[in-house]
Amino acid sequence: MSRSQPVVAIYPGSFDPITRGHEDVARRTLRVADRLIVAVAHTATQAKRGLFTVEERVEMIREVFADEPDVEVEAFEGLLVDFARSRGAHFVVRGLRAVSDFEYEFQMAQMNRELWDEIETLFLTPDQHYSFLSASLVREIARLGGDVSRFVSPTVLARLQARVGA
Ligand code: PNS
């Protein structure tokens with residue numbers, strides 16, 4: 001990896017749906033990376049359980065970052081490290097909200113490096129206002145009729161309203 005090359009980072013996740021917290025982490029990444037690929041994991045189990053299809057998640061994320069030419073959005077299947085390698089990306093970005101996130105994230109980072117020793121994981125903390133936010137809570141609150149308008153962008157809110165009447 002030559003340092004004269006652009007820094008390409010991958011931000012993988014389920015993003016069901018993308019929240020303001022994800023958005024914040026992605027925008028912060030652009031302070032250290034030249035290009036960011038937001039990568040929506042496409043696994044059979046996630047597709048079955050999800051509120052939105054992977055295609056819908058990709059569309060929503062593209063809408064959220066329509067103003068950001070350095071952000072690309074793709075779905076991927078299989079191993080993250082294989083996808084990263086195929087895109088020339090040597091950095092994985094993950095948000096760390098609290099200590100409770102750490103164990104799972106540390107395990108994934110170590111395993112990804114075991115699978116491909118040219119990958120590094122960057123952990124970024126979101127704005128403190130989003131430290132309690134998760135897509136699963138957004139889905140639950142929306143399903144139960146709560147107001148999630150400050151947790152997701154307007155385009156995601158519109159889709160949530162259409163899907164669960166939030
Ligand atoms: O938003 P999530 O659900 O916490 O994201 C988890 C994700 C998608 C980053 C992780 O499950 C993943 O990387 N899946 C791709 C398959 C893979 O590479 N698994 C081995 C990880 S060590």
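Does Asp-16 count as buried or exposed, and at what relative accessibility? At 5% relative accessibility, Asp-16 counts as buried. Here buried means under 20% relative accessible area, exposed means over 50%, and partly exposed lies in between (1.4 Å probe, protein chains only).

This is a predicted model, in which local features need pLDDT of at least 70 and side-chain atom pairs count only at pLDDT 80 or more, while totals for chains, interfaces and linings use all residues. Residues are numbered from 1 along each chain as its sequence is written, and side-chain values use heavy atoms, with hydrogens and water left out.

Start with the loop between β1 and α1. Helices (H or I, at least four residues) and strands (E, at least two) are DSSP runs, numbered from the N terminus. Ser-14 sits in this loop. Ser-14 is partly exposed, at a relative accessible area of 31%. Phe-15 is in the loop between β1 and α1 too. Phe-15 is buried, with a relative accessible area of 3%. Its backbone deserves a look: phi of Phe-15 is near 50°, a positive value in a residue other than glycine. Then comes a cis peptide bond, from Asp-16 to Pro-17, with omega near 0°. Pro-17 also belongs to the loop between β1 and α1.

Now the ligand. It is surrounded by 13 residues, and the closest are Ser-14, Ala-41, Gly-78, Leu-80 and Arg-94. Ser-14 places a polar side-chain atom 2.6 Å from an oxygen atom of the ligand. Leu-80 uses its backbone: a polar atom there is 2.8 Å from a ligand oxygen. Arg-94 has a polar side-chain atom 2.9 Å from an oxygen atom of the ligand. Taken alone, the ligand exposes 550 Å², and the protein buries 74% of that. Accessible areas come from the Shrake-Rupley method with a 1.4 Å probe; for residues, only the protein chains shown count as cover.

Arg-94 leads on to Glu-105. Glu-105 touches Arg-94, Leu-96 and Phe-123, not counting residues up to four places away in sequence. Contact means heavy atoms within 4.5 Å. Glu-105 lies in helix α5 (residues 99-115). At 5% relative accessibility, Glu-105 counts as buried.

Next, helix α1 (residues 20-29). The helix is mostly covered, with seven of its 10 residues buried. Those residues are Gly-21, His-22, Glu-23, Asp-24, Val-25, Ala-26 and Thr-29. They pack against β1 (8-13), β2 (35-41), α3 (54-64), β4 (91-95), β5 (120-124) and α6 (135-143). At the start of α1, a side-chain oxygen of Thr-19 comes within 3.1 Å of the backbone nitrogen of Gly-21. Ser-153, in the loop between α6 and α7 (154-164), is in contact with Arg-20, Glu-23 and Val-64, leaving aside its neighbours within four places in sequence. Ser-153 is buried, with a relative accessible area of 6%.

Charged pairs come next. Side chains of opposite charge can pair when their charged atoms come close. A salt bridge is a side-chain nitrogen of Lys or Arg within 4 Å of a carboxyl oxygen of Asp or Glu. The whole structure has 17 salt bridges. One of them joins the side chains of Asp-16 and Arg-139 (3.8 Å, N to O). Asp-16 lies in the loop between β1 and α1 and Arg-139 in helix α6, so the pair ties together parts 123 residues apart in sequence.

Glu-59 and Arg-159 form another salt bridge (3.0 Å, N to O). Glu-59 lies in helix α3 and Arg-159 in helix α7, so this pair ties together parts that are 100 residues apart in sequence. Glu-59 is partly exposed at 41%, and Arg-159 is partly exposed at 21%.

Glu-74 and Arg-87 also meet in a salt bridge (2.7 Å, N to O). Glu-74 is in strand β3 and Arg-87 in the loop between α4 and β4, 13 residues apart. Salt bridges that share partners join Arg-20, Glu-23, Arg-27, Asp-67 and Glu-68 into one network.

Key: Near = heavy atom within 4 Å. Polar contact = N/O pair within 3.5 Å; in protein donor to acceptor, adjacent residues only side chain to side chain.
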